[in-house]
Amino acid sequence: MIAQSWQTGNFLADETPSQGKPDSSTRLLRVITNIEFTKDMPKGQVLAYLIRTPTDSSAANLYETLTGQTIDLNGLNKASVDSAHQPKHIISLKTEPRQSAFLSLQKWEGVVLEVLSDSFLTRLVDLTRTGSDEEAALPLDEVSEEDRPLIRPGAIFYWNIGYHTSYSGQRTRTSIIRFRRLPTWTREEIEAARREAERLGKSIGWK
Amino acid sequence: MSTQHPEIQGINVVWLGDFNPKIFQPAWFAAVGLIRKQEAEEANIEIIHPEVVSFALEWLILQVTRERFFVSTSQEPYYEVVRDLVLGTFSLLQHTPIHKMGINMDMHFHMGSEDAWHAFGHRLAPKDLWQSVLENPGMRSLTMEGGRPDGGKGYLRVKVEPSERVHPGVYVNINDHYEVADPKSVVGNDEIRTLFERSWSESLQRSRRIAYALLEKQ
């Protein structure tokens with residue numbers, strides 16, 4: 001694949017990728033729509049992006065596994081490719097996705113009951129063990145800036161306390177609050193749902 | 001060995017069907033509100049191409065080809081977030097036909113001692129038969145398959161191996177595989193989406209139960 005003439009579009013501005021004009025804006029979020037793409041990438045090359053560890057299987061066998069089975073082709077039991085074992089004359093530009101690990105000691109699913117000036121009242125369901133629901137007030141400061149607009153009555157969130165282990169092995173005790181994100185509904189979709197609800201209501205004689 | 005928390009664990013979700021990979025870009029996920037804008041800006045993009053997309057966030061790896069959608073996380077707080085991401089994505093792309101799904105779990109357990117580690121291997125794969133044909137035989141990998149406990153189409157595969165990341169440790173991988181009733185009549189992904197939403201919690205609990213049951217019988 002030879003990547004040329006990268007076209008970019010600002011998805012957030014118009015929700016459709018720009019097909020013809022380069023985007024000179026300074027916004028960072030871009031949808032890549034390279035119209036010069038070669039349509040066919042050899043299967044071996046596609047596999048090279050998906051499989052990170054050396055394997056004895058042929059490309060044909062691997063592709064069959066890829067399209068027929070629902071397993072992780074890499075698995076969490078394989079160590080990353082050791083660069084010391086790679087040929088010295090090859091400079092790889094591929095970046096290996098790395099993830100740190102987190103083990104939850106305590107886990108809740110919460111629903112926001114009321115938003116106050118500097119905190120929010122919640123009902124918490126313990127996902128670690130069965131027990132009665134609890135109510136708690138959590139400071140707004142505990143929530144990441146970008147999730148704060150999601151804090152409103154009825155919003156669902158997940159709260160985890162546990163050990164975070166970084167790539168380098170450093171373990172820290174951490175609390176993570178993450179609000180549930182669902183797709184943004186368009187005005188047309190909301191209107192269609194309202195009309196459907198109205199139709200159903202009428203059909204059962206609901207006034 | 002007593003039941004204990006895995007030292008390392010992760011989940012991944014695999015859906016098989018017909019995909020248009022280049023839709024699945026960090027900017028698209030942010031535009032429809034499924035991930036944070038800042039996460040999209042900081043995504044580690046490996047490739048975006050009509051044939052294959054691969055990128056990583058701090059808590060997620062996502063890969064899509066024309067036949068396969070794959071997401072994984074090794075961070076427990078994000079299990080439900082991954083579920084919501086998959087459901088949100090395919091409720092937007094509801095006409096994308098899907099016919100197979102895997103809800104998979106990986107766990108690494110520390111075995112406490114080399115003796116307990118060897119004993120576990122001997123128990124799963126007794127060496128009597130092997131002693132006469134191999135020198136010092138040891139179990140490298142064992143996969144067992146069973147039918148779906150819910151009676152649906154698919155199977156459960158459990159793989160056990162010595163852990164390459166925890167020593168002395170055991171790696172347990174569970175492939176909870178589902179299929180639609182009639183793949184030829186699949187139009188969109190309503191059937192798989194419903195199955196996914198309904199099966200999620202039970203699948204994760206069952207995978208943990210399987211791993212703990214194997215280890216508890218030490």
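Student: Where in chain A is A:Thr122 placed?

Tutor: A:Thr122 lies in strand β4, residues 119-126 of chain A; a strand is a DSSP run of E with at least two residues, numbered from the N terminus. The model is predicted, and its local features need pLDDT of at least 70. Residues are numbered from 1 along each chain as its sequence is written.

Student: Why is A:Thr122 called buried?

Tutor: Buried means under 20% relative accessible area, with a 1.4 Å probe and protein chains only. The value for A:Thr122 is 0%, so this residue is buried.

Student: Which residues does A:Thr122 touch, not counting residues up to four places away in sequence?

Tutor: Among them are A:Val111, A:Leu113, A:Glu134 and A:Phe157; contact means heavy atoms within 4.5 Å.

Student: How many residues of chain A are in contact with chain B?

Tutor: In chain A, 60 residues contact 75 residues of chain B. The two chains bury about 5,900 Å² between them, with 54% of it on carbon and sulfur atoms; buried area is the accessible area (1.4 Å probe) that two parts lose on being put together, summed over both. On the chain A side, A:Thr70, A:Leu76 and A:Asn77 lose the most area to chain B, together 14% of what that side buries.

Student: What makes B:Glu80 and A:Lys107 a salt bridge?

Tutor: The definition asks for a side-chain nitrogen of Lys or Arg within 4 Å of a carboxyl oxygen of Asp or Glu. The closest N and O atoms of B:Glu80 and A:Lys107 are 3.3 Å apart, so the pair meets the cut-off of 4 Å. Across this interface the rule finds four salt bridges.

Technical notes. Chains are lettered from A and ligands numbered from 1 in the order in which they are written. This is a predicted model: local features need pLDDT of at least 70, side-chain atom pairs count only at pLDDT 80 or more; totals for chains, interfaces and linings use all residues. Side-chain values use heavy atoms; hydrogens and water are left out. Helices (H or I, at least four residues) and strands (E, at least two) are DSSP runs, numbered from the N terminus. Buried means under 20% relative accessible area, exposed over 50%, partly exposed in between (1.4 Å probe, protein chains only).
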